[in-house]
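Visitor: Please take me through this model and tell me on what grounds each term is used.

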Amino acid sequence: MATTGIIFAINGPIVKTSNDSGFEMHEMVYVGEENLVGEVIGLTSDATVIEVYEETGGIKPGEIVTGTDAPVSVTLAPGILNNIFDGIERPLSEIAKVDGTYISRGVSVDSLDTKKLWKTHITVKPGQAIDGGTIIAEVPETPAILHRVMLSPNLKGYVLDVVEDGEYTINDKILTLQLEDGSEIPITMTQHWPIRVPRPIKKRFPASVPLITGQRILDTLFPLAKGGTAAVPGGFGTGKTMTQHQIAKWSDANIIIYIGCGERGNEMTQVLEEFSELIDPKTGNPLMDRTTLIANTSNMPVAAREASLYSGLTLAEYYRDMGYDVAIMADSTSRWAEALREISGRLEEMPAEEGFPAYLASRLSAFYERAGMMQNLNGSEGSVSIIGAVSPQGGDFSEPVTQNTKRFVRCFWGLDKRLAYARHFPAIQWLDSYSEYLTDLAPWYAEHVDKNFVEYRNRLVYILNQEASLMEIVKLIGADVLPDDQKLVLDIAKVIRVGFLQQNAFHKDDTCVPLIKQYKMMDVILYLYQKSKALVHQGMPMSVLHQDSIWDKVSSIKYDVPNDKLEMLDQYKKDIDTFYEKVLEKNA
Amino acid sequence: MSIEYLGLSSINGPLVVLEGVKGAAYDEIVEMTVNGKERRLGKIIEINGDKAVIQVFEGTDGMALRNTHTKLTGKPMEIGVSEAMFGRTFNGIGEPIDGLGSVEAEKTIDVNGKPLNPVTREYPRNYIRTGISAIDGLMTLIRGQKLPIFSGNGLPHDELAAQLVRQSSLGDSNNDDEKFAVVFAAMGVKHDVADFFQRTFAESGVSDHVITFINLANDPVVERLITPKVALTVAEYLAFEKGMHILVILTDMTSFAEAMREVSSSKGEIPSRKGFPGYLYSELATIYERAGIVNGVNGSVTQIPILTMPNDDITHPIPDLTGYITEGQIVLDRDLNGQSIYPPISVLPSLSRLMKDGIGEGFTRADHQDVANQLFSSYSKVGDARALASVIGEDELSDTDKQYLIFGRAFEQMFIGQSVNDNRTIFDTLEIGWKLLGLMPRGELDRIDTKVLDQYYKPTVLDANGDIVPAAVED
């Protein structure tokens, strides 16, 4: 018999029942006659506080709240990929079938398709002792991804019997498990897991492998490790969403969980359309085959927005447990924080900074700490990387969400309005951004790309910093009065900015650039710097050097050299040598 | 059966509290009778046991604790919609105020709307021509987009809005079966502004495809909380059930947000930024997100919300939160306005996010994106050159920087600037763009593909009259 309570008060997404009705904290409940989904978020001796994940208009005092005796959970089984869910894992395409163009309330649909037959290969034998996390079956979920069905982490026992390999739905019994107390339970492909509880692991590894995104400013300047955390803060129009789309498209993660949290409906539609058409160069399949979208657009109920991040995280951990590298795009964590603030305000809690609740920092840290490179219970290794967009109020990075996020992420890609206004994209400001993973990843780069990689990267950053301090002077007196060696710094910095940092997401070669090309581009640019510097030291004025077309040529390597013809890059060094000799000859 | 409740237990600003209520639903509309004759509408915004907090749309003037009868309707706020609404004027809650009698409704719809399922949306890909170069050329308005205008007090956003209503069309390749219409909603506007709009619509003969909702500055504050929802409900009906392309203009969203703050404070809620309630973002989103296109339906809802930035501060919560929801923004600038450039659109902070997919070959012209990118990029360098000139003087600038100053002035006067009645085609706009780019040496145009440059680039100079003419050919 499920616990029930009687509604007493309603204020926005918050509903209170009149007495302690025996609910548990974080229990999922059905509210009112329409069975709206809600969660218990507070208990006192005379009231139960419930946040409702759907619009509460029309609810009356006296209606019933029914408990489910289980915390708010997601359903984990084949069928998650190539799908789009709302914040509490209800498939939007199924809702559209039931409900048409708009999303109404109290729609009851299964999270995953329960009718679909999956081609299943059983990987355990009768008599085998299995622990939680053991892979019990394999299902080709999409052409790109093999779904490894695992025993729920809470179970342990002996396999009594298994079914033959064949086609099964996610609710069919595939084996019988005898527990340690002797009882026998049927096991299906489905698991349920509470969204606010991290899935257990064996141990954590330190960061050692980069998440390669094909974006030069990220991979080369501010790399993110697999299992790492990054924040992308920026005012509106600076390209947060674009950065996230680029990473979702091109990064070398196996699985992408894209959480549209309180963002635009048209954007989710765009991701859905675009990712279904785009082909993943690594597998040759549509990108949607490795992607799951969680869409809780800004006009969908605010409480579900708060839950959507946790739902996405739990799905990510589930795929990590199978041994995959998963990347989560959370766009945007500020909307999630604002949902916290909105609910906190309705609960009349004492506000801290800017009206945000005092527990903002602890919630953020709990969220980001679920990322990591892990050894799973079944011994496989997988990772969850989190890339969280932050939408600071007024583009001001000193506001509470950005500041608290900064404490818990190790990679900070700050977007700059001025760069965006000048249409310099990606508008990641190289002076403010940082990556704490650089030293962790240096050995990987030395081994897999080139031993000079990190040194070259540091030289690039040094030149850009020099430029920034020179620009202070230029702003006051103009560039003409600078000595030639400083003019050279400005010129080479311009080549770096235009030719290396700017990247065109709409150009077929430039949208995603392999690491080796990134390295060679740096190599050419630094070679040009070295040779020009030698010329300047021999007294050649910059005005003479500048007449040569080599500057424009090096700046447009990104367009002129296709990603599959990197040998063309060797020619550039020869061209620079020719340039060097030509200048010397003419002006000796 | 409907019970009438006599009396109230308290009145505070636009809110009243009714006790001893049974069966009241959250968000439900109530009918109130004041002094036995005057009828008002209210909405239940909080329920605590048998106590209901009601927000009265027409304001609480004249209400007393004893003279009010309240009746529950059991329904959310609804409005009757119909194609017969064209050419008519309504108040903020959708009642006719033009003296032409009531409109026979074809259908009655809940004004709160429901979220569009992202799966059933179609990604917007076609443009609306406004005839204004700065918008069409650099921040193209796309059907199904929400593109706000960020203005300030004293800037000509009303003129711009009126010009948009007069000139907007479905572009040069307009085919006749596609119907275009405007829903215009004014919240908290001054009397003369309301007059200005009505006069302009009537004079230019566009009234027959405009539906107007007006809530004046001295109309009840709470009424304007419902105005945009009423307007959008009508727009959605016409777009998604009648297959029309509807442009919704909402002015001024600042009044709407301030009305929310007023109600929230009367309710004693905990404020977040600048006294606005924590749900300001969600509330704005439920309005702005009602723009879009639905799969398999011909129509679209496009929104141009106009808001005045308090103290011209773009980081104020209202423009800030709006910018995070809408798909770009058009920012008006006081300096340009001071130089008598109309419309004073500050192009650098302005942006249309959906532009890239709705222009170019098949929509406008193949070179559109390149021209836009280059104009943005070149104009941003004008700012650098001007900053430098203000320190070291114009004479000391390099030749290129001097050329940028010339380009900048010409760009502001000829491209951004146009008259209130100037309705330019996309080709006009692009031609002006190319002429302006001709002022710069070809080497400075780094955002345009070489092939496009070969086709369109021709060097130009400014002649003595300030017109741009082709440069003399040098051998």
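The talk below goes from the whole of one chain to its parts and its partner.

Guide: This is a predicted model, in which local features need pLDDT of at least 70, side-chain atom pairs count only at pLDDT 80 or more, and totals for chains, interfaces and linings use all residues. Residues are numbered from 1 along each chain as its sequence is written, while chains are lettered from A and ligands numbered from 1 in the order in which they are written.

Visitor: How do you know that the radius of gyration of chain B agrees with a compact globule?

Guide: The radius is taken over C-alpha atoms, and the globule rule is 2.2 Å times the number of residues to the power 0.38. For 475 residues a compact globule would come near 23 Å, and chain B has 25 Å, which agrees. The C-alpha trace of chain B spans about 95 × 50 × 40 Å along its principal axes.

Visitor: What makes domain 1 and domain 2 of chain B count as touching?

Guide: Two residues are in contact if their C-beta atoms, placed from the backbone, lie within 7 Å. By this test 11 residues of domain 1 of chain B and 10 residues of domain 2 of chain B take part. On the domain 1 side, strand β6 (residues 51–56) of chain B gives the largest share, three residues. That side divides into six nonpolar, four polar and one charged (nonpolar: Ala, Val, Leu, Ile, Met, Phe, Trp, Tyr, Cys and Pro; charged: Asp, Glu, Lys and Arg; polar: the others, Gly among them).

Visitor: Why are β9 and β19 of chain B called edge strands?

Guide: Strands pair if DSSP finds at least two bridges between them. Eight strands of chain B form an open sheet of mixed pairing, in the order β9-β15-β14-β16-β17-β13-β18-β19. β9 (89–91) and β19 of chain B each have a single partner strand, so one side of each is left without a neighbour in the sheet.

Visitor: How do you know that β14 and β16 of chain B are paired?

Guide: Seven bridges join β14 (residues 180–189) to β16 (residues 245–251) of chain B, and the two run parallel. B:A185 stands opposite B:L250 in β16(B).

Visitor: What is the angle between helix α4 and β14 of chain B?

Guide: Axes are lines fitted to C-alpha atoms, for helices over the stretch in contact, and angles run from 0 to 180 degrees between N-to-C directions. Helix α4 (residues 223–241) of chain B runs at about 175° to β14(B), lying across β14, β15, β16 and β17 (300–308) of chain B.

Visitor: How many residues does each chain bring to the contact between them?

Guide: Chain B brings 59 residues and chain A 57 residues. α10(B) gives the most to the side of chain B, with eight residues. That side of chain B divides into 29 nonpolar, 18 polar and 12 charged.

Visitor: What joins β1 of chain A to β5(B)?

Guide: Two bridges join strand β1 (residues 4–11) of chain A to β5(B), and they run antiparallel. A:I10 stands opposite B:I47 in β5(B).

Notes. Helices (H or I, at least four residues) and strands (E, at least two) are DSSP runs, numbered from the N terminus.
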